[in-house]
Amino acid sequence: ILIAGLGFFTVHPPGEEDLCTVEVLGLQNKTAKDQDWDLKCCHALYTGVFDILGFIGGVHILCGLAGAVSAYAVAMGVAGTINGNATSAWFWSCCAVVLD
């Protein structure tokens, strides 16, 4: 998930002016009213999807970091159990539960 989040920051979609055209969308045989509506929908979809990629990437990165920290807490809890340190095992196990 962390890598996916980083990937959202590297995506460079085609320019809106290049993507939302009558030719690219195949609207040549539609009426002018339908073409205008479809072009407006294309612009809205472009804005709704591509303009929030940074936000989506940030959410994925935060979730990936939370998962990594949780895995670390589980490993530390197991290590505390193996070493016979009940306080450490309890603390790290509680941290893992909270993070999950």
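**Cysteines and a helix pair**

Tutor: Cys 20 and Cys 42 are both buried. Please keep in mind that this is a predicted model.

Student: How many disulfides does the count come to?

Tutor: The count comes to 1 disulfide. It joins Cys 20 to Cys 42, with an S to S distance of 2.1 Å.

Student: What is the torsion about that S-S bond, and is the disulfide left-handed or right-handed?

Tutor: The torsion about the S-S bond of Cys 20 and Cys 42 is about -80°, so the disulfide is left-handed.

Student: Which parts does the pair tie together?

Tutor: Cys 20 lies in the loop between helix H2 (16-19) and helix H3 (22-25), whereas Cys 42 belongs to helix H4 (residues 32-50). The pair therefore ties together parts that are 22 residues apart in sequence.

Student: What about Cys 94: where is the nearest cysteine sulfur?

Tutor: Cys 94 is in no disulfide. The nearest cysteine sulfur belongs to Cys 95 and is 7.1 Å away.

Student: What are the relative accessibilities of Cys 94 and Cys 95?

Tutor: Cys 94 has a relative accessible area of 32% and is partly exposed. Cys 95, at 23% relative accessibility, also counts as partly exposed.

Student: Changing topic to the helices: at what angle do the axes of H1 and H5 cross?

Tutor: The axes of helix H1 (residues 2-10) and helix H5 (residues 53-82) cross at roughly 160° and come within 7 Å. That angle makes H1 roughly antiparallel to H5. H1 passes H5 in a left-handed crossing.

Student: Which residues meet there?

Tutor: From H1, the residues include Leu 2, Leu 6, Phe 8 and Phe 9; from H5, they include Leu 53, Ile 56, Ile 61 and Leu 65. Glycines take part as well, among them Gly 5 in H1 and Gly 64 in H5. By class, the contact of H1 with H5 has 9 nonpolar, 6 polar and no charged residues.

Student: What does Phe 9 touch?

Tutor: Phe 9 lies in helix H1. Leaving aside residues up to four places away in sequence, Phe 9 touches Gly 54, Gly 57, Gly 58 and Ile 61. At 46% relative accessibility, Phe 9 counts as partly exposed.

Student: How far apart are Phe 9 and Cys 20?

Tutor: Phe 9 and Cys 20 are 11 residues apart in sequence and 22 Å apart in space, C-alpha to C-alpha.

Conventions:
Residues are numbered from 1 along each chain as its sequence is written. This is a predicted model: local features need pLDDT of at least 70, side-chain atom pairs count only at pLDDT 80 or more; totals for chains, interfaces and linings use all residues. Side-chain values use heavy atoms; hydrogens and water are left out. Axes are lines fitted to C-alpha atoms, for helices over the stretch in contact, and angles run from 0 to 180 degrees between N-to-C directions. Helices (H or I, at least four residues) and strands (E, at least two) are DSSP runs, numbered from the N terminus. Angles under 35 degrees count as roughly parallel, over 145 as roughly antiparallel, 65 to 115 as roughly perpendicular and the rest as oblique. A crossing is left-handed if the near helix is turned anticlockwise from the far one by less than a right angle, and right-handed if clockwise. Contact means heavy atoms within 4.5 Å. Ala, Val, Leu, Ile, Met, Phe, Trp, Tyr, Cys and Pro count as nonpolar, Asp, Glu, Lys and Arg as charged, and the others, Gly among them, as polar. A disulfide is a pair of cysteine sulfur atoms within 2.5 Å. Buried means under 20% relative accessible area, exposed over 50%, partly exposed in between (1.4 Å probe, protein chains only).
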